[in-house]
Amino acid sequence: MRSIMTGTAAGLLGAAALSLGASAPSFAGTDAAARSSVTYCGVDKATGLAVWAEPAGSCAAALEVASAYTKAASSKAGAPATILVGATTWTCQEHQGDPNPYQECVTSDSGGRAGGRVVLTS
């Protein structure tokens with residue numbers, strides 16, 4: 001009986017270690033400079049999904065975008081959504097990840113260059 005309990009405990013600890021070792025989603029490449037531009041902002045209150053922002057330091061806006069997208073997506077079931085947060089227009093959509101899907105919102109400046117990115121992951 002004791003060996004079964006020890007094996008079960010070891011298995012649970014191993015699973016916990018694997019889940020804690022999950023890395024940040026891939027943003028704009030794999031080099032160190034790209035990874036340092038990504039910030040974990042917290043959890044979207046409505047969905048419980050993790051919210052990531054690029055560029056780093058834009059968490060207040062990222063959490064607002066996540067909240068607005070959650071509201072817009074609930075009525076569109078997987079369809080792309082355009083949302084307005086402040087004076088900024090964001091285009092959001094679900095994408096197939098490896099293995100789980102994720103939601104991504106992007107904005108561009110008036111010249112069409114990438115302005116910001118918000119990703120929601122499970």
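**Entry 1: E54**

I started at E54, which is buried, with a relative accessible area of 15%. I am working from a predicted model. The burial call follows because buried means under 20% relative accessible area. I then looked up where E54 sits: strand β2, residues 50-54.

What does the side chain of E54 meet in a polar contact? I found S37, at 3.3 Å, side chain to side chain.

**Entry 2: the cis bonds**

I checked the peptide bond that leads out of E54. The bond from E54 to P55 is cis, and its omega is near 10 degrees. I placed P55 in the loop between β2 and α3, where α3 covers 59-73.

I noted a cis bond at another proline too. The peptide bond from D98 to P99 is cis, with omega near 10 degrees. Where does P99 lie? I traced P99 to the loop that runs between β4 (88-95) and β5 (102-108).

**Entry 3: Y40**

I moved on to Y40, in strand β1, which spans residues 39-43. Is Y40 buried, exposed or partly exposed? I logged Y40 as partly exposed, because its relative accessibility is 44%. The class between the two cut-offs runs from 20% to 50%.

Which residues does Y40 touch, apart from neighbours within four places in sequence? I listed A50, V51, W52 and C59.

A polar atom of the Y40 side chain lies 3.5 Å from the backbone oxygen of G42.

**Entry 4: the whole chain**

How many helices and strands does the protein have? I counted 3 helices and 6 strands. Along the sequence I read the order as α-α-β-β-α-β-β-β-β.

I looked up burial overall. The protein has 122 residues, and 29% of them count as buried. E54 is in the buried class, whereas Y40 is partly exposed.

I checked contacts across the sequence next. Among contacts with a separation of 6 or more, 30% are between residues 24 or more positions apart.

Last, I noted the surface. The accessible surface of the protein is about 7,700 Å². Carbon and sulfur atoms hold 60% of that area.

Key. Residues are numbered from 1 along each chain as its sequence is written. This is a predicted model: local features need pLDDT of at least 70, side-chain atom pairs count only at pLDDT 80 or more; totals for chains, interfaces and linings use all residues. Side-chain values use heavy atoms; hydrogens and water are left out. Helices (H or I, at least four residues) and strands (E, at least two) are DSSP runs, numbered from the N terminus. Buried means under 20% relative accessible area, exposed over 50%, partly exposed in between (1.4 Å probe, protein chains only). Contact means heavy atoms within 4.5 Å. Accessible areas come from the Shrake-Rupley method with a 1.4 Å probe; for residues, only the protein chains shown count as cover. A polar contact is a pair of N or O atoms within 3.5 Å; within protein, one must be able to donate a hydrogen and the other to accept it, and residues adjacent in sequence count only if both atoms are side-chain atoms.
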